Amino acid sequence: MTSADGTPVRVGVFGLLGSGNLGNDGSLEAVLGYLRAEHPEAVVDALCGGPEAVTTRFQIPATRLHWYRGEYRTASRAGAIAGKGLGKLVDVFRTAAWVRRHDVVIVPGMGVLEATLPLRPWGFPYALFLLCASGRLLGTRVALVSVGAAEIGNRPTRALVRWSARLAAYRSYRDAQSRDAMRAMGVDTARDEVYPDLAFSLPTPPDWGIPRPELVGELGEAPSGPPGPVCVGVMDFHGGNDDRARADEIYRRYLDGTIRFVRALVEEGRPVRLLTGDECDASVVAAILDAVDSSLVTAAQPTSLADLMKEMAAADTVVAVRYHNLICALKTGTPVLALSYAAKSDALMDRMGLGAYCHPAREVDADRLLEQFRALEKRSAELRQTLTERNLAAARQLEHQFTALTAALFPAPDHAHAHARQEAP
């Protein structure tokens, strides 16, 4: 793909990428796969949280998102506070200079329009606003692709998120609730579409989504043979933006309930494999291993969504908190029980036919969780078949998403001027 003057199209990708969150990096991997397949001549680089990791893994040039290196450390001393403040000013010019070098900037998936986890307005919401405002001022098309959104109570964060969405040239959402949330916050979503999460477009070995014989009896019956392994995806979970006052209480309740659940599985002789989705989750794994002293409990060290899918494909059942842990289980056709911390998890599970198997992450009740887990396993064969069908539907929808993205971001030169008029506010 080349621009009107014959030079290769310059595409930027933007977000908290390479920062240790496997879901974010999985979304980037999906978009890079699309670009390499459909627009192989495009020149791609990133403005992101972990440029070294992105360059090493994805082989594209990358620039640090923030000028101030201590952006995500709490600033208590005067020097650190001044550094952060100066960084906000410098980032205005850094972001604009980076955006100017591109024809298109893609924000690949992620929950960039939500605050379901603790978030300060001057952090990523401010960075996203700078991106979208620069794109509008400089004529660079900014696309928010299959992103997550939720209504935000904090006024500064809400304003930054609302204006970021308004200034973007293209928006699509990973569920209908996200689109509804942006409409409720004053964004015109009439032309915005809903597609599955980008991670559903990632490659999966062909046999992963097919029920394995040892796991399937007659339709609707429990699997034959001895019970197999259970994957438990954990999270350093302290609630969301509105839960700061009781963050420690939420974390303790979540951790205690998860420990009780794992201990009960071990007492039944079930092997348990602990999984993470972000580097910060390692402390939760350590706490569970310390509390449940058994050789049946082991921990994986995944470095990608592919690693997570390999673990989950080998399991009978998955119990998970992080959104992209759920997606990995669903994508491999493995029945999963969601410890849900936000409406996005409930919406995802419902869309994939497992809406009955959600449990509140803020109020984990180990006894009730075990009941739901056993009910899930009794329907294992039936649900595996359901997931095979839903995964095929998700893949088809994402093909439509990428076709729409090409039309919106990479118009033929003859239509470029008409497209620019259509995008005008």
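Is F237 buried or exposed? At 0% relative accessibility, F237 counts as buried, where buried means under 20% relative accessible area, exposed over 50% and partly exposed in between (1.4 Å probe, protein chains only). The legends below describe a predicted model, in which local features need pLDDT of at least 70 and side-chain atom pairs count only at pLDDT 80 or more, while totals for chains, interfaces and linings use all residues. Residues are numbered from 1 along each chain as its sequence is written, and side-chain values use heavy atoms, with hydrogens and water left out.

**View 1. Confidence along the protein chain.** The pLDDT, the predictor's confidence in each residue from 0 to 100, averages 89 over the protein chain, and 86% of the residues score at least 70. Over residues 207–223 the pLDDT is below 50, and this stretch has 36 contacts in the model beyond near neighbours in sequence; contact means heavy atoms within 4.5 Å. Residues 414–425 also have a pLDDT below 50, with eleven such contacts.

**View 2. The aromatic pair of F237 and Y341.** Five aromatic pairs are found in a search of the whole structure. Rings of Phe, Tyr and Trp (its six-membered ring) pair if their centres lie within 6.5 Å; planes under 30 degrees apart count as stacked, over 60 as edge-to-face and the rest as tilted. The ring centres of F237 and Y341 are 5.6 Å apart and the planes are at 45°, so this pair is tilted. F237 lies in the loop between β8 (230–233) and α7 (247–267), and Y341 in the loop between β12 (336–340) and α11 (343–351), so the pair ties together parts that are 104 residues apart in sequence. Helices (H or I, at least four residues) and strands (E, at least two) are DSSP runs, numbered from the N terminus. Y341 is buried, with a relative accessible area of 7%. Together with Y254, F237 and Y341 form one aromatic cluster.

**View 3. The aromatic pair of F261 and F373.** This pair is edge-to-face, with 5.5 Å centre to centre and 80° between the planes. F261 lies in helix α7 and F373 in helix α12 (residues 366–378), so the pair ties together parts that are 112 residues apart in sequence. F261 is buried at 1% relative accessibility, and F373 is buried at 2%.

**View 4. Charged ends over the ring of Y323.** A charge sits over a ring if NZ of Lys or CZ of Arg is within 6 Å of the ring centre and within 35 degrees of the ring normal. The charged end of R174 sits over the ring of Y323, 4.3 Å from its centre. The charged end of K344 sits over the ring of Y323 too, 5.4 Å from the centre.

**View 5. Surroundings of D25.** D25 is placed in helix α1 (residues 22–38) and is buried, with a relative accessible area of 9%. Apart from neighbours within four places in sequence, D25 is in contact with L17, G18, R57 and F58. The D25 side chain reaches the backbone nitrogen of G18 at 2.8 Å. D25 and M110 are 85 residues apart in sequence and, C-alpha to C-alpha, 9.2 Å apart in space.

**View 6. The buried side of helix α6.** In α6 (residues 176–184), S178, A181 and M182 are buried. They cover an arc of only 95° around the axis, which puts them on the same side of α6; the arc is that of the directions from the helix axis to the C-beta atoms. The cover over the buried residues of α6 includes β5 (141–147), α5 (155–167) and β6 (170–173). Just after α6, G186 takes a positive phi of about 95°.

Technical notes:
A polar contact is a pair of N or O atoms within 3.5 Å; within protein, one must be able to donate a hydrogen and the other to accept it, and residues adjacent in sequence count only if both atoms are side-chain atoms.
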